[in-house]
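Subject: Structure handover

Hello,

The structure is passed on to you below, together with its sequence. My notes come after it.

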Amino acid sequence: MFEAERIYSQRNPKTGMTEWFFYARECSFGPFSNEKIAKEELDNFIRHCVKNQADGGRKPASKTSKLSLEPMHEFVFKRRD
């Protein structure tokens, strides 16, 4: 297996500022004001997924598992400047 880079940056065309993001299987998350914060939020996201046994759909769902649209209260992205 190879390890893909999950942290990336792009320039905001309206402000001209560099914004940082991280990519997960679910989508891209951000923007964050710097690379360090993006890495910290990625680590938080990974810990949250491990804690909740969220495998990104890698394993087939069991007959007892149910889909849910409930918000993840423990893990909420907030813009940190």
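Predicted model: local features only at pLDDT ≥ 70, side-chain atom pairs only at ≥ 80, totals over all residues.

Residues are numbered from 1 along each chain as its sequence is written, and side-chain values use heavy atoms, with hydrogens and water left out.

Helix H1 takes in residues 35-51; helices (H or I, at least four residues) and strands (E, at least two) are DSSP runs numbered from the N terminus. From first C-alpha to last, the 17 residues of H1 reach 24 Å, close to the 24 Å expected at 1.5 Å a residue (that is, 1.5 Å times one less than the number of residues). At its start, a side-chain oxygen of Asn34 comes to within 3.1 Å of the backbone nitrogen of Lys36, where a polar contact is a pair of N or O atoms within 3.5 Å, one able to donate a hydrogen and the other to accept it, and residues adjacent in sequence count only if both atoms are side-chain atoms. Just after H1, Gln53 has a positive phi of about 50 degrees.

The buried residues of H1 are Ile37, Ala38, Glu41, Leu42, Phe45, His48 and Cys49 (buried: under 20% relative accessible area; exposed: over 50%; partly exposed: in between; 1.4 Å probe, protein chains only). They lie on the same side of H1, because their arc around the axis is only 140 degrees, taken from the directions from the helix axis to the C-beta atoms. The face turned away from that side carries the exposed Lys36, Arg47, Val50 and Lys51. The buried residues pack against strands E1 (7-11), E2 (18-23) and E3 (28-32), with contact meaning heavy atoms within 4.5 Å.

The largest nonpolar core has 11 residues, among them Ile7, Trp20, Phe29 and Leu42; such a core is a set of buried Ala, Val, Leu, Ile, Met, Phe, Trp, Tyr and Cys residues joined through side-chain atoms within 4.5 Å. H1 gives the largest share, 5 residues.

E1 and E2 run antiparallel, joined by 5 bridges (strands pair if DSSP finds at least two bridges between them). Their hairpin has 6 residues between the strands, and Gly16 there takes a positive phi near 80 degrees.

Lastly, Glu35 belongs to H1 and is partly exposed, at 32% relative accessible area. Glu35 touches Ile7 and Trp20, leaving aside residues up to four places away in sequence.

Regards
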